[in-house]
Amino acid sequence: MSSKNKPVGQVAFVGTGPGDPGLLTVRATEVLAGAESVVLDRGINDDQREAIVRRWCSQEVELLDAGFGENGQPLTHAGRAKVITRAAKSGRRVVRLLDGDAGTFSGLAEELVACQKAGVPFEVVPGVALHTAVPVYAGVPTTSSAVSAVHVVDAAARV
């Protein structure tokens, strides 16, 4: 089969939510169950990664590192995008695990553009947002009848 006829896989960008593998969305568990390759976010700790992969993926799933290259160097956004698109262009169903909510992951835009340029179909599966899930999961409501808004401030950002 020529490379022109080789089927292109697809990528699902999946937010892992606040850290408890039991809080993944239903759609996240569906795409993880069908994944042939999982590209791991460097923000996901080993325990969380193992719990997600063990619980939701097949035993044959290929794990790909999006944090570091072959020589141990940290990957840039472009380097991570290359790992993702290369796996998908080989015809695999790829899940890109992202820490927290996929929509707040800083490299999502670059990785989506790389998929689009490479002709790789993709979907984004949001995770449960950390800024509301963590306090609510701990029993602390973020709003009340007197307070109807939540403001998220990045205290580390430079003004």
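I begin with R80, which is buried, at a relative accessible area of 5%. Please bear in mind that this is a predicted model. What is the partner of R80 in a salt bridge? The partner is E111, and the closest N and O atoms of the two side chains are 3.7 Å apart.

Helix 3 covers residues 77-89 and helix 4 covers residues 108-118; they pack at an angle of about 40°, and their axes are 9 Å apart. The two helices are therefore oblique to each other. The crossing of helix 3 past helix 4 is right-handed.

Which residues make up this contact? From helix 3 come H77, R80, A81, I84, T85 and K89, and they meet E110, E111, A114, C115 and A118 of helix 4. Sorted by class, the contact comprises five nonpolar, two polar and four charged residues.

I turn now to the other salt bridges. How many does the structure hold? The total is six. One of them joins E123 and R27, with 2.6 Å between the closest N and O atoms. This pair links distant parts of the chain: E123 sits in strand 5 (residues 122-125) and R27 in helix 1 (residues 26-33), 96 residues apart. E123 has a relative accessibility of 27% and so counts as partly exposed; R27, at 37%, likewise counts as partly exposed. R27 and E123 also belong to a network of salt bridges that includes E30.

A further salt bridge is formed by the side chains of R92 and E62, at 3.2 Å from N to O. R92 lies in the loop between helix 3 and strand 4 (93-98), while E62 lies in strand 3 (residues 62-65), so this pair ties together parts that are 30 residues apart in sequence. Are these two residues buried or partly exposed? R92 counts as partly exposed because its relative accessibility is 25%, and E62, at 33%, counts as partly exposed as well.

Thank you for your attention.

Technical notes:
Residues are numbered from 1 along each chain as its sequence is written. This is a predicted model: local features need pLDDT of at least 70, side-chain atom pairs count only at pLDDT 80 or more; totals for chains, interfaces and linings use all residues. Side-chain values use heavy atoms; hydrogens and water are left out. Axes are lines fitted to C-alpha atoms, for helices over the stretch in contact, and angles run from 0 to 180 degrees between N-to-C directions. Helices (H or I, at least four residues) and strands (E, at least two) are DSSP runs, numbered from the N terminus. Angles under 35 degrees count as roughly parallel, over 145 as roughly antiparallel, 65 to 115 as roughly perpendicular and the rest as oblique. A crossing is left-handed if the near helix is turned anticlockwise from the far one by less than a right angle, and right-handed if clockwise. Contact means heavy atoms within 4.5 Å. Ala, Val, Leu, Ile, Met, Phe, Trp, Tyr, Cys and Pro count as nonpolar, Asp, Glu, Lys and Arg as charged, and the others, Gly among them, as polar. A salt bridge is a side-chain nitrogen of Lys or Arg within 4 Å of a carboxyl oxygen of Asp or Glu. Buried means under 20% relative accessible area, exposed over 50%, partly exposed in between (1.4 Å probe, protein chains only).
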